[in-house]
Amino acid sequence: MLEARDLAVLAQVSAGLPLCPRPYAQIGMELGMDEAEIINRVAALKAQGLIKRLGVIVKHRPLGYRANAMVVWDVPDELIKELGATISRFSFVNLCYQRPRQPEWPYNLYCMIHGKDRTTVLAQLEQLNDVCSLARYGRQILFSRRCFKQRGAVYQAQQLTVAAHG
Amino acid sequence: MLTDLHKQLLNDFQRDFPLSPTPYRDIADTLGATETDVLAALAELTGQQFISRIGAVIPPNQIGASMLVAMAVPEAELQTVADQISAFPEVNHNYEREHRFNLWFVAVAASAQQLQAVIGRIEQQTGYAALQLPLVDDFFIDLGFKLDWQHA
């Protein structure tokens, strides 16, 4: 069970560390904790897997990665874990999820590929198809056009307290 | 123009950010730069929109609830509907994609119940049905994104 103090720390570090010489001390001042407590709680949250990674979070598009494809397949349920694990190992894959099929959307395996151009992304996709024998399954490729909004999830400490107890 | 320092900061510190009292000085020491240089370069990268933040990535659905939602919106109304959806603080990603389902967004809330309430409000405001695609399993281990500087 997460304590309210952990949730407060998590909300702050997911929103971003301040650019100053003692960022953890700065967060501590805002939350009424000392620097060591912030650092210890962040380390524990990482160890528990509640922080997947901590570091620089880049924006793909301004850095030239403008071809962004969400690819979905309809694969047999009994194969999905193995396929998901294999797909995730490709360096060009950025996300890989299972989601439930819906009547108007009969796909269960999702992956995201960020590339500099469409040709490269499509070639990478063919490589996935070959290695994982995915060609036999129904598939859709959805390249992104406009990005209307992109930012980290905003978790408010108060809401998180509710979530942790709910 | 990106300097070598910018490029190293972008690529080499996407994970395992130092958990010491002076993380930026530690990074500077690794790179043979000064703490002031590192802080200035990170501020530039943030200002130029190359970095969203230096922070934590939280796995979906460990805390609170999240939902991927797709909508099929006529092209002429897409910008208006997208703006309405982006205005919700619970929405953190919102993209146009090439498909009949052309608007894709992610909403997060503290609980499944609150999440459904938000999605209900979005449907009501926009007048379009939300195709809800919750997460079942996450296969991806996030090690950051390896940037390739050729043609950058």
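This is a predicted model: local features need pLDDT of at least 70, side-chain atom pairs count only at pLDDT 80 or more; totals for chains, interfaces and linings use all residues.
Residues are numbered from 1 along each chain as its sequence is written, chains are lettered from A and ligands numbered from 1 in the order in which they are written, and side-chain values use heavy atoms, with hydrogens and water left out.

Student: In what order do the elements of chain A run from the N terminus on?

Tutor: Helices (H or I, at least four residues) and strands (E, at least two) are DSSP runs, numbered from the N terminus. Chain A has 6 helices and 5 strands. Their order is α-α-α-β-β-α-β-β-α-β-α.

Student: What is the radius of gyration of chain A, given the 15 Å of the globule rule?

Tutor: The radius is taken over C-alpha atoms, and the rule is 2.2 Å times the number of residues to the power 0.38. For 166 residues the rule gives 15 Å, and chain A is well over that value, so it is more spread out than a compact globule. The radius of gyration is 20 Å.

Student: How far apart are the centres of domain 1 and domain 2 of chain A?

Tutor: The domain bounds come from an automatic or database domain assignment. That assignment places domain 1 at 4–56 and domain 2 at 61–143. Taken over C-alpha atoms, the separation of the two centres is 33 Å.

Student: Is A:W73 buried or exposed?

Tutor: Buried means under 20% relative accessible area, exposed over 50%, and partly exposed in between (1.4 Å probe, protein chains only). A:W73 lies in strand β2, residues 67–73 of chain A. Contact means heavy atoms within 4.5 Å, and beyond four places in sequence A:W73 touches residues including A:I87, A:Y107, A:L125 and A:Y137. Because its relative accessibility is 0%, A:W73 counts as buried.

Student: Which residues is B:S86 in contact with, leaving aside its neighbours within four places in sequence?

Tutor: B:S86 lies in helix α4, residues 78–86 of chain B. Its relative accessibility is 14%, so B:S86 counts as buried. Its contacts are A:F148, A:K149 and B:N94.

Student: How far apart do the centres of the positive and negative side chains of chain A lie?

Tutor: Lys and Arg count as positive and Asp and Glu as negative, with His and the chain ends not counted. Each charge is placed at NZ of Lys, CZ of Arg, CG of Asp or CD of Glu. Chain A has 21 positive and 14 negative side chains, and the centres of the two sets are separated by 8 Å.
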